[in-house]
Amino acid sequence: MPAFRGISRRHFLITTGAALWERSIVADEKEPVIDIHQHTGYLARPDEDLVSHQRAMGVTKTILLPAGTPVARASTHQGKSNGLAAKCGGNESAMSVAKANPGEFFFGANEVTDLETAHMEVERYLKLGAKLIGEQKFSVQCDSVESRKLYELAQEYNVPILLHFQHATYNLGIERFDKVLASFPKVKFIAHAQTFWANIDAAYSDQSVLYPKGLIKPGGITDRLLSDYPNFFGDLSAGSGLGALTRDEEHTRAFLTRHQDKLMFGSDCPDPAGTGVECTGAQILATVRRLAPTKAIERKLLHDNAQQLFGL
Ligand SMILES: [Zn+2]
Ligand SMILES: [Zn+2]
């Protein structure tokens, strides 16, 4: 029996140590994380894989951004950009996953910007509880008459609107977006994608380069918009967000400090894993945790800013 007791005691000490260590890991993982940028049907990913992907990343609340109605017209590149150019599901699909997972998944309202029925369709889902308008990813000028109608709707329903900026492809004319921000001071605009991130750099000169690399000179178009307009926000999602955060780490620390109240975590990745190198979202989370200058800033970026903006 003494031998057994000895082993038992050692076992007790080992398991106690392990439990303490485990608890600290679990505590970290249990910190709530809001992902404001995911999609149903993303490159045909099944809904159950989307749900497990989000849980594997440690995300506690997810906003699903629907595509517009599939149509062949100039604003969808004659249909090539239907499904947000990635087979993503529309309003019904996002709302149904949200309804099946209450409190964990939320949905946006969206439509092809210049479709005659856009206002009606978006309003319908706003009335059903959509948290924002988006993802607006269509080939229109960012200050087009049709875009402005959706900005007015965002103002009327007091919801943010999320725009994908991509030079020569989606939401054209970012150099004029300051005028939109000034005309709609009550609307919260959330920007993302290549042309938003490339333009944080004041030395960025060729708008056709979508994934610029190397050191960053502060003061680019979007860096200034974030500083100058209280209604302009950014999400950290996708390869463009990850690339911008990792290309100049010293710049990133200052950028995250400067815009700590304006940036929010988003993943926007189509993998089923939710972890490892194939998961952009997991890499963005790890990068924010590594480069956020303080724990308070990290919590703002991964949770608090989105909680406040969306009232989650
Ligand atoms: Zn996008
Ligand atoms: Zn992922």
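Visitor: Where does alanine 44 lie?
Guide: In this predicted model, alanine 44 belongs to the loop that links E1 and helix H2 (47–57). Its phi is positive, about 70°, although the residue is not a glycine.

Visitor: Is alanine 44 buried or exposed?
Guide: Alanine 44 is exposed, because 11 other C-beta atoms lie within 10 Å and a count of 12 or fewer qualifies as exposed.

Visitor: What about asparagine 158, and what is its phi?
Guide: The phi of asparagine 158 is near 55°, a positive value in a residue other than glycine. Asparagine 158 is placed in the loop between H5 and strand E5 (161–164), and it counts as exposed with 11 C-beta neighbours inside 10 Å.

Visitor: Turning to peptide bonds, which one is cis?
Guide: The bond from glycine 134 to glutamate 135 is cis, with omega near 10°. Glutamate 135 is part of strand E4 (residues 133–136). Most peptide bonds are trans.

Visitor: Now helix packing. At what angle do H4 and H5 pack?
Guide: Helix H4 (residues 118–127) and helix H5 (residues 145–157) pack at about 25°, and their axes are 10 Å apart. The two helices are therefore roughly parallel to each other, since angles under 35 degrees count as such. Their crossing is right-handed.

Visitor: Which residues make that contact?
Guide: From H4, Ala118, His119, Val122, Glu123 and Leu126 take part; H5 contributes Glu146, Lys149, Leu150, Leu153 and Tyr157.

Visitor: And H12: where is its kink centred?
Guide: The kink, of about 55°, is centred on leucine 301.

Visitor: What covers the buried residues of H12?
Guide: The cover includes strand E1 (34–38), strand E7 (232–235), helix H10 (249–258), strand E8 (263–264) and helix H11 (280–291). Among the buried residues of H12 are Ile297, Leu301, Leu302 and Leu309.

Visitor: How exposed is glutamine 307?
Guide: Glutamine 307, also in H12, counts as partly exposed, because it has 15 C-beta neighbours inside 10 Å. Leaving aside neighbours within four places in sequence, glutamine 307 is in contact with Ile34 and Leu312.

Visitor: Lastly, what follows H12?
Guide: Glycine 311 follows H12, and its phi is positive, near 60°.

Technical notes
Residues numbered from 1 in each chain as written. Chains lettered and ligands numbered in written order. Predicted model: local features only at pLDDT ≥ 70, side-chain atom pairs only at ≥ 80, totals over all residues. Bend = angle between axes of the 7 residues up to and from the residue. Helix = DSSP H or I, 4+ residues; strand = E, 2+ residues; numbered from the N terminus. Buried ≥ 20, exposed ≤ 12 C-beta atoms within 10 Å, placed from the backbone. Contact = placed C-beta atoms within 7 Å. Axes fitted to C-alpha atoms, helices over the stretch in contact; angles between N-to-C directions. Parallel < 35°, antiparallel > 145°, perpendicular 65-115°, else oblique. Left-handed = near helix turned anticlockwise from the far one by under 90°.
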